[in-house]
Amino acid sequence: MNKNNIGEVTIKSKEYPNGKLKEMIYYNNGKEIAKKIFDIKNNIVKNTGKIPNGLIKEYYESGKLWIEWNYKDDKQEGISRIYNENGEIAIIETYKKGIKINSKNV
């Protein structure tokens, strides 16, 4: 459980055919709690619900962990870790108020 005493929060993403992000849907124990919809230029056009503060996880289709994001006030904050399919950390990113300020390949 994260700091909010709620179950694991996960993300499912969908992409446009060109690979750009189309939407991010946030779930808590399988129930949708928030959604961000993007236009083809990656601008947020609709934002519903509230993303809880704390750790959010996104998984590969295989079920293995892909990304761990930290959120605060509906924005990425602090260190995020991106894993490869072997479960090893591949990239570490740092965010401040939703803006990426550092990215490092491991």
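Residues are numbered from 1 along each chain as its sequence is written, and side-chain values use heavy atoms, with hydrogens and water left out. Because the model is predicted, local features need pLDDT of at least 70 and side-chain atom pairs count only at pLDDT 80 or more, while totals for chains, interfaces and linings use all residues.

Strands are DSSP runs (E, at least two residues), numbered from the N terminus. Two strands are taken to pair if DSSP finds at least two bridges between them. Strand β5 (residues 54-59) runs antiparallel to strand β6 (residues 65-72), joined by six bridges. Tyr71 in β6 lies opposite Gly54. The two strands β5 and β6 form a hairpin, with five residues between them. Gly63, in that turn, has a positive phi of about 95°.

Strand β6 also pairs with strand β7 (residues 75-76), antiparallel, through two bridges. Lys72 has Lys75 in β7 as its bridge partner. This hairpin has two residues between its strands, and Asp73 in the turn has a positive phi of about 55°. Strand β8 (residues 78-83) is antiparallel to β6 as well, over two bridges. Here Glu68 is partnered by Arg81 in β8.

Ile91 belongs to strand β9 (residues 89-96). Its relative accessibility is 23%, so Ile91 counts as partly exposed (buried is under 20%, exposed over 50%, partly exposed in between; 1.4 Å probe, protein chains only). Beyond its neighbours within four places in sequence, Ile91 is in contact with Ser80, Arg81, Ile82, Ser103, Lys104, Asn105 and Val106 (contact means heavy atoms within 4.5 Å). Asn105 is 14 residues from Ile91 in sequence, with a C-alpha to C-alpha distance of 4.5 Å.

Note on methods
Helix = DSSP H or I, 4+ residues; strand = E, 2+ residues; numbered from the N terminus.
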